[in-house]
Amino acid sequence: MSHKVLIPIGPYHPLQDEPEFFRLYVEGERVVDIDIVIGYLHRGIEKLSESKHFDQVTFLVERICGICSTSHPFAYVNAMEDLAKIEVPERALFIRTIIAEMERIHSHLLWLGLAGHFIGYNTVWMWAWRYREPILDMFEMITGNRNHYAMMKIGGVRRDIKDEDISILKKTLDDLLPAVDMFKGAVMDDPVIKARLKGIGILTKQQAIDWAVVGPTARASGINIDVRKDDPYGAYDKVSWNVIVEEDGDIFAKTIVRILELYESISIIRQCLDKMPKGEIDANVKDIPSGEGIGHVEAPRGECFHYVRSDGTNRPVRHKIRAPSYMNVASNKVAAVGGTLSDAAITLAAVDPCYCCTERLIVLDKHSDKKIMNGWDLIKLSQEKTEKLKKIIGCKS
Amino acid sequence: MIKIFFNYLIFPGFLFSACVGLIAGWIDRKVTARIQWRVGPPWYQNFVDIVKLLGKETIVPAGAKITFLLSPVLGLLSTILVATILGVTVRLPLESFAGDLIVVLYLLIIPAIAIIIGASSSHNPLASVGASREMKLVLGYELPFILSIIVVIIKSAGSIQIGSILNHQINFGSNLASFSGILAFLVAIICMQAKLGFVPFDMSEAEQEIMAGVFIEYSGLPLAIFKLTKAILLYTMPLLLIILFWGRDLTPLVLIAKYTALLVTIILIKNTNPRLRIDQALRFFWGPITALAIIAVILALLGL
């Protein structure tokens, strides 16, 4: 076969649990080109955020994604504390760090299971998710919720970690460690997994820099970036841990990075539990001054960035969010092209895409597929509408 | 005449083999579920699935050819015939006819060919990718499979009649009880894994890549027929291997025990491996597996 065939992955496809659309142009089994279309989950969070007051926004951004459901609020409260120059109690910082690292564990185990599923290894899928379950139970014990923990608050955290919970949490982590050892052994020693993952979907260091990927995707390509080390927030500068970097850039390296990060996360949580001081967990913030602030955290998928501007009222006038998948998904354009169709399935999933975090809106012409509206057009449209409204209610511009 | 029809349609043909195959399919699902910390379905689940499919609408995609509907029937008829020949031979080895081993080998390729024809005529790019994968896979596993069966033929004094292969084993011990027999048996198990479309060789219907590939356009009755074909294959393939390699004692209880052991083996292989890529599978079959099969043939010629 020498002619190109279009293989659609999406908008609904058993490969991925969220709607997305990859148009794979295939010659035989080889992928020669790929179109990435996202935007099926756009919910206008940034705009919605402008209509909520600052405390509500914490819960709104938590609902951007069900998996990074503490990274977004964490980044948002960091931005708010940067804006209002709030001094957060030390104990709250440690609790935030513990929650964020527990989230990393559950997210990486979730990815590990999905990766197994994508290469047809359903046993890994079920096992990884089984060992993820105690972590979710811990979330339920500490925060009352399995997925949307609602722990973050501007100036602190909403719930304390009780002393009797600490020993249970430590025991859960002890039980998790042999499982992580098992997964590490299973991935590193299995010749068939190696055959499927090694040398596949390579993103070289230069490509990773060019496509500005973040998080484990970048660290697997030999780039040493991690917001937790580069610009410490929470309690990350008070504990000792390593940034895991692999050089190969293939899917095997991405898997290894994530598995080794599980060890680091477990170690960070243990140190935090030991070093956590007693005291207040909330700075009791009353007013938010005008100004602007940025906050970024290392989400399980990479850097999650929030920018908030306040004009002294109780609502943000601008709230900009950049989720890590926005950068990572685009890198599939180089990672998946040139591989086979079988490899494309795992390559597309290897950046741990999270589409609902990352959706942008574009308006297409139905007949020609041409973009008739981009971000700037929408802003202009919005400004015109505001002008029109102002004229109607007779307000001076 | 009535006896032939009875044999073909009821016992040991269609009805019996389908029931055994669906039960075997349930064992597959149950063992898989237990390995994966799940509960698994009740024993009648596969029967219910087939009945449910019979009640569903049959959708024929626009642009599909008549072979789209004919090929499932072709596959089913040939697998029933294999089940009948093997079933009759197990009970009455003397009733087998000369050269039935060759007939069985031919009939066993037909389901794969039926899948390829059906998928190619379903007018879907994913199905055609699946069909091309299935075709490459057939090319891959047929050579070592036939080589492993040549070992059996050599060991049974050149007989190509299943009945006399059985008799030979009853008199001189199982073919498995030798170096060449063990090697050929291993090769045959791996080829069976591919013939059944189990992981690591399920790339023709890889759901995560090409969404069930060859079966993507099938629904209702034709899909049910394909599922039945697969179920009957799950009964006949291990049975064929037991007859050819492990056929010294085939009293019903022993046969069931041997069958279950073989079935659980392939289920374990299925659940402890990821899916291979088609090029890797082809390299695997034409490289190490064929080499093993050739060594087995040489050993058999040397009388080991």
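Predicted model: local features only at pLDDT ≥ 70, side-chain atom pairs only at ≥ 80, totals over all residues.
Residues are numbered from 1 along each chain as its sequence is written, and chains are lettered from A and ligands numbered from 1 in the order in which they are written.

**View 1. Chain A as a whole.**
Chain A holds 16 helices and 10 strands. Both kinds of element are DSSP runs numbered from the N terminus: helices are H or I with at least four residues, strands are E with at least two. The radius of gyration of chain A is 22 Å, close to the 21 Å that the globule rule gives for 397 residues, so chain A is as compact as a globular protein of that length. That radius is taken over C-alpha atoms, and the rule is 2.2 Å times the number of residues to the power 0.38. The C-alpha trace spans about 65 × 60 × 35 Å along its principal axes. Of the 397 residues in chain A, 48% are buried. A residue is buried if 20 or more other C-beta atoms lie within 10 Å of its own, exposed if 12 or fewer, and partly exposed in between, with C-beta atoms placed from the backbone.

**View 2. Two domains in chain A.**
The domain assignment gives domain 1 (42-326) and domain 2 (365-393) in chain A. Such bounds come from an automatic or database domain assignment. The C-alpha centres of the two domains lie 36 Å apart.

**View 3. The open sheet E1-E2-E3 of chain A.**
Three strands form an open sheet in the order E1-E2-E3, with antiparallel pairing. Strand E1 (5-9) and strand E3 (30-37) of chain A stand at the edges with a single partner strand each, so one side of each has no neighbour in the sheet. From one strand to the next, the twist averages 25 degrees. Angles run from 0 to 180 degrees between N-to-C directions, and axes are lines fitted to C-alpha atoms, for helices over the stretch in contact. E1(A) and strand E2 (residues 21-27) of chain A are joined by 5 bridges. Strands count as paired if DSSP finds at least two bridges between them. A:Leu6 has A:Tyr25 in E2(A) as its bridge partner.

**View 4. The hairpin of E2 and E3 in chain A.**
E2(A) and E3(A) pair in the antiparallel sense over 7 bridges. A:Val26 has its bridge partner, A:Val31, in E3(A). The hairpin has 2 residues between the strands, and A:Gly28 takes a positive phi near 65 degrees there.

**View 5. Helix H14 of chain A.**
What does helix H14 (residues 341-350) of chain A touch in the sheet? H14(A) packs on the sheet and touches E1, E2 and E3 of chain A. The direction of H14(A) makes about 155 degrees with that of E2(A). Here 10 of the 10 residues of H14(A) are buried, so the helix is largely enclosed by the rest of the structure. Among them are A:Leu341, A:Asp343, A:Ile346 and A:Leu348. A:Asp352 follows H14(A) and has a positive phi, near 55 degrees.

**View 6**
Strand E7 (residues 302-310) and strand E8 (residues 316-322) of chain A run antiparallel and are joined by 6 bridges. A:Phe305 stands opposite A:Arg322 in E8(A). This hairpin has 5 residues between the strands, and A:Gly312 takes a positive phi near 95 degrees in it. A:Tyr326 lies in helix H12 (residues 324-330) of chain A. A:Tyr326 is buried, with 23 other C-beta atoms within 10 Å. The C-alpha atoms of A:Tyr326 and A:Ile225 are separated by 17 Å, although 101 residues apart along the chain.

Chain B has 12 helices and 0 strands. The radius of gyration of chain B is 19 Å, close to the 19 Å that the globule rule gives for 304 residues, so chain B is as compact as a globular protein of that length. Buried residues make up 51% of chain B. The contact takes 25 residues from chain B and 24 residues from chain A. Two residues are in contact if their C-beta atoms, placed from the backbone, lie within 7 Å. Helix H6 (125-155), helix H9 (207-210) and helix H12 (278-301) of chain B each supply at least two residues of the side that touches chain A.
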